[in-house]
Amino acid sequence: MKTLIVIDMQNDFIDGALGTAEAVAIVPNVKKKVSEYLSSGGTVIYTRDTHTEDYLSTQEGKNLPVVHCVKGTPGWEIADRVYADGCQVVDKPSFGSTELPGVLAGIPNLESIELVGLCTDICVISNAMILKAAFPEIPMTVDSSCCAGVTPESHENALKAMAVCQIKIA
């Protein structure tokens, strides 16, 4: 089964508290990619960065003091523009999800993993590395046209780092 992981395509990362023009620009590409997977019988799983009201007192909040993706707020929601009803959502309290490999392990005949989303240089690379370690023999791709980083330069650096770790960059 071909599986698409849509990383943190949430309102706060697109055009909210931590939004960027680059994030807004990839929305149509991500929407198209989700549609292609679903129409061809693939699986689509979303991750959702999830924080609580005490975010600023956490280690991440002290290093990135911008309140974002607080559970239950509009910024926490996956953007309607890219969300497909009925797809699984995995909430994660940090950059990478330690739950995600278990979710993928339950997919019968997992044949490939593709990642798209935000931010290339933080959450996409974190989840790609976790999944590559869990599934070293499953081909993995990151579609660069469906990702955006904190900056264009850090996006490119993350893509290069993933390529070195045998993750195909499309």
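Buried means under 20% relative accessible area, exposed over 50%, and partly exposed in between (1.4 Å probe, protein chains only). This is a predicted model, where local features need pLDDT of at least 70 and side-chain atom pairs count only at pLDDT 80 or more, while totals for chains, interfaces and linings use all residues. Residues are numbered from 1 along each chain as its sequence is written, and side-chain values use heavy atoms, with hydrogens and water left out.

The structure holds seven salt bridges. A salt bridge is a side-chain nitrogen of Lys or Arg within 4 Å of a carboxyl oxygen of Asp or Glu. Three of these pairs are listed here.

| Pair | Closest N and O atoms |
|---|---|
| Arg-81 and Asp-15 | 3.4 Å |
| Asp-49 and Lys-92 | 3.7 Å |

Arg-81 pairs with Asp-15. Arg-81 sits in the loop between helix H3 (59-63) and strand E3 (88-92), and Asp-15 in the loop between helix H1 (11-14) and helix H2 (21-39), so the bridge ties together parts 66 residues apart in sequence. Helices (H or I, at least four residues) and strands (E, at least two) are DSSP runs, numbered from the N terminus. Arg-81 is partly exposed at 36%. Asp-15 is partly exposed at 48%.

Asp-143 lies in strand E5 (residues 140-148) and Lys-33 in helix H2, 110 residues apart. Asp-143 is buried at 9%, and Lys-33 is buried at 12%.

Asp-49 bridges to Lys-92. Strand E2 (residues 43-49) holds Asp-49 and strand E3 holds Lys-92, 43 residues apart. Asp-49 is buried at 2%; Lys-92 is buried at 1%. Shared partners join Asp-8, Asp-49 and Lys-92 into one salt-bridge network.
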